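Colleague: I'm new to this one, could you walk me through the aromatic rings?
Modeller: Gladly, let me put it up beside us.
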Amino acid sequence: MEIKPEQPQKQKKSGNTFFALLEQWIPSYTRLPLVLVVVINFSVYWGSRLLAAGKPHLNMETELDQLIPLVPWTVLIYFGCYIFWIANYILAGHTQKEQALRFYAADILAKLVCLFFYVVFPTTMPRPEITGNGISEQLMVWLYRADASDNLFPSIHCLVSWLCYIGVRKQAHIPKSYRTLSCFFAILVFISTVTTRQHVIADVLAGIVLAEASYGITGMCVDYYKKRKKSDTPETSGDLSKK
């Protein structure tokens with residue numbers, strides 16, 4: 001008559017709900033790649049500084065770069081892009097498994113290329129003196145203290161922001177308005193990197209080119225894998241039928 005133990009079933013249901021939501025937002029096949037993306041990003045960022053310490057750094061600033069004014073409020077875009085990155089790197093995984101892995105592989109490949117340049121071809125640039133006591137100016141001061149003027153070419157900010165657009169631009173199930181917004185925000189990030197005097201124009205262009213090149217290379221790898229898999233399938237089927 002006493003049928004009390006309903007509690008475990010409720011806990012089990014809530015647990016299942018959590019994992020169902022997790023799978024919906026972050027598919028299982030994207031979790032390890034996402035972790036690798038983060039680990040490699042920080043390894044490249046900090047490791048390159050250790051490896052390039054003491055080496056002469058080249059200043060690639062041009063006369064055109066010197067004409068670009070410091071615009072302190074654009075630091076809000078520079079910092080705000082981290083939310084953009086998280087959102088779009090998760091959205092980029094909401095596609096076919098092969099295409100999702102292609103995207104994350106492109107990021108990792110691009111970061112390894114960045115590591116090569118940061119160590120073999122380290123660059124730097126002069127920074128202006130920050131005046132004023134506004135919020136934007138204080139954020140600029142904090143940024144300059146926290147982030148040394150190195151690891152500039154190619155710009156990881158521009159690289160990752162353009163990858164964020166690449167990851168969603170051909171996903172038809174994502175609203176076109178959001179895909180357009182992603183492109184627009186990536187361009188704003190490009191602008192913010194030079195108006196905060198964190199990068200020069202060459203760094204921006206190199207980041208965009210590297211994003212497209214890495215994604216193209218991993219795309220060729222996926223196509224090769226598909227063709228290889230397709231060509232192997234009939235042979236396997238034939239062998240089985242003979243047996």
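Modeller: Let me begin with phenylalanine 153, which is buried, with a relative accessible area of 15% (buried means under 20%, exposed over 50% and partly exposed in between, with a 1.4 Å probe and protein chains only). This is a predicted model, in which local features need pLDDT of at least 70 and side-chain atom pairs count only at pLDDT 80 or more, whereas totals for chains, interfaces and linings use all residues. Residues are numbered from 1 along each chain as its sequence is written, and side-chain values use heavy atoms, leaving out hydrogens and water.
Colleague: How many aromatic pairs does the structure hold?
Modeller: There are 12 aromatic pairs, where rings of Phe, Tyr and Trp (its six-membered ring) pair if their centres lie within 6.5 Å, and planes under 30 degrees apart count as stacked, over 60 as edge-to-face and the rest as tilted. One of them joins phenylalanine 117 and phenylalanine 153 edge-to-face, at 5.5 Å centre to centre with 80 degrees between the planes.
Colleague: And is phenylalanine 117 buried, partly exposed or exposed?
Modeller: Phenylalanine 117 counts as partly exposed, at 26% relative accessibility.
Colleague: Which residues form one aromatic cluster?
Modeller: That cluster is made up of Phe116, Phe117, Phe121 and Phe153.
Colleague: Switching topic, what lies over the face of tyrosine 215?
Modeller: Arginine 102 does, at 3.6 Å from the ring centre; a charge sits over a ring if NZ of Lys or CZ of Arg is within 6 Å of the ring centre and within 35 degrees of the ring normal.
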